[in-house]
Amino acid sequence: MSLLEIRGLKKSFDGLEVLKDISLQVRQGEVLGIIGPSGSGKSTLLRCATGLETPDGGEIRYEGTFGLVFQNFNLFPHYSVMKNITDAPIKVQKRSREEVFAEARALLAKMGLSDKEDAYPYQLSGGQQQRISIARALAMNPDILFFDEPTSALDPELTGEILKVIRDLAAEHMTMVIVTHEMNFARNVADQIIFMDKGVIAQQGTPEEVFGSSNERMKEFLGKLGENL
Ligand SMILES: Nc1ncnc2c1ncn2[C@@H]1O[C@H](COP(=O)(O)OP(=O)(O)O)[C@@H](O)[C@H]1O
Ligand SMILES: [Mg+2]
């Protein structure tokens with residue numbers, strides 16, 4: 001079953017066509033990795049898919065709900081960790097406080113951050129903040145989780161802890177769409193890869209197909225990232 005289907009998505013900014021006729025599907029339990037050079041439209045695609053931007057054309061159809069994890073964590077600085085995680089489930093989803101707190105504690109335990117419930121974001125490392133923002137997204141029980149370069153604001157030694165959390169979620173068959181510059185990670189965790197270039201899907205397929213492709217732009221892109229392979 002497709003949880004997300006996008007057809008003919010178009011978006012321009014000031015006459016610049018940033019997304020040109022993008023179509024894709026994400027099936028239940030699948031991990032879609034989106035790679036491509038800076039400026040190719042990856043964030044705009046995620047922002048359109050999650051309602052943060054209004055597309056100029058095309059269709060976006062969901063079965064279920066989604067959550068979003070940003071590059072820069074976007075935690076509320078004046079909220080404790082616990083309040084960051086529980087606020088929306090209680091206020092927006094109107095779920096019971098006891099149930100939400102129990103679930104939040106289970107999520108914190110899973111993230112290895114049980115001792116941080118009363119901490120504030122400024123007291124945490126970037127990697128810890130990102131794990132909290134993943135817990136916050138999961139607390140809404142989304143059917144699909146989107147990540148926009150979840151490790152690119154982190155030092156290399158903190159990147160691994162976030163990639164492990166995402167790998168664990170994939171092992172639990174969480175449906176995810178992940179924009180990333182971590183090519184090894186994308187290759188290992190994704191079922192399907194999209195290579196975006198200048199607003200179009202230049203290559204799409206299994207990791208083997210896309211990373212093994214002889215597409216010139218793809219080879220050039222991978223060549224520039226050579227040290228990450
Ligand atoms: N809100 C905006 N207003 C104007 N231009 C934008 C806006 N958001 C993105 N762009 C432009 O759209 C293009 C694609 O950006 P983006 O989707 O962020 O690419 P990526 O995430 O692949 O680096 C870039 O040229 C960027 O400058
Ligand atoms: Mg981006």
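# Close-up views of a predicted model

**View 1. A106 and its helix.** A106 is found in helix 3, which spans residues 97-110. Helices here are DSSP runs of H or I with at least four residues, strands are DSSP runs of E with at least two, and both are numbered from the N terminus. At 45% relative accessibility, A106 counts as partly exposed. In these legends buried means under 20% relative accessible area, exposed means over 50%, and partly exposed is in between, with a 1.4 Å probe and protein chains only. A106 and A139 are separated by 33 residues in sequence, and their C-alpha atoms are 9.9 Å apart in space.

The model is predicted: local features need pLDDT of at least 70 and side-chain atom pairs count only at pLDDT 80 or more, while totals for chains, interfaces and linings use all residues. Residues are numbered from 1 along each chain as its sequence is written, chains are lettered from A and ligands numbered from 1 in the order in which they are written, and side-chain values use heavy atoms, with hydrogens and water left out.

View 2. The residues around ligand 1 are F13, L16, V18, P37, S38, G39, S40, G41, K42, S43 and T44; a residue is near a molecule if one of its heavy atoms lies within 4 Å of it. By residue type, this shell divides into 4 nonpolar, 6 polar and 1 charged. Ala, Val, Leu, Ile, Met, Phe, Trp, Tyr, Cys and Pro count as nonpolar, Asp, Glu, Lys and Arg as charged, and the others, Gly among them, as polar. An oxygen atom of ligand 1 is 2.7 Å from a polar backbone atom of G39. For S40, a backbone N or O atom lies 3.2 Å from an oxygen atom of the ligand. K42 takes part through its side chain, where an N or O atom is 2.7 Å from an oxygen atom of ligand 1. Taken alone, ligand 1 exposes 560 Å², and the protein buries 61% of that; these areas come from the Shrake-Rupley method with a 1.4 Å probe. Strand 2 (16-27) and helix 1 (42-49) are the elements that give two or more residues to the shell. The largest share, 3 residues, comes from helix 1.

View 3. Strand 1, residues 2-13, pairs with strand 2 in the antiparallel sense over 8 bridges. Two strands pair if DSSP finds at least two bridges between them. K11 has L19 in strand 2 as its bridge partner. The two strands form a hairpin with 2 residues between them, and D14 in the turn has a positive phi of about 45 degrees.

**View 4. Strand 3 and its two parallel neighbours.** In strand 3 (residues 31-35), 5 of the 5 residues are buried. V31, G33 and I35 point one way from the strand, L32 and I34 the other way. Strand 3 pairs in the parallel sense with strand 7 (residues 175-179) over 4 bridges, and V31 stands opposite M176 there. Strand 3 also pairs in the parallel sense with strand 8 (residues 192-197) over 4 bridges, where L32 stands opposite Q192.

**View 5. Salt bridges.** Side chains of opposite charge can pair when their charged atoms come close. A salt bridge is counted when a side-chain nitrogen of Lys or Arg is within 4 Å of a carboxyl oxygen of Asp or Glu, and the count comes to 17. E30 and R27 form one of them, with N to O at 3.5 Å. E30 is buried, with a relative accessible area of 10%, whereas R27 is partly exposed at 38%. In another, the side chains of E53 and R47 meet at 3.4 Å, N to O; R47 is partly exposed at 33%. K219 forms a salt bridge with E216, the closest N and O atoms being 3.7 Å apart. Both residues lie in helix 8 (residues 216-224), 3 residues apart, about one turn of the helix. K219 is partly exposed at 42% relative accessibility, and E216 is exposed at 56%. Elsewhere, salt bridges that share partners join E5, R7, R61 and E63 into one network.

**View 6. S213 in its loop.** S213 is placed in the loop between helix 7 (207-211) and helix 8. At 12% relative accessibility, S213 counts as buried. A polar contact of 3.3 Å joins the side chains of S213 and Q203. Such a contact is a pair of N or O atoms within 3.5 Å; within protein, one must be able to donate a hydrogen and the other to accept it, and residues adjacent in sequence count only if both atoms are side-chain atoms.
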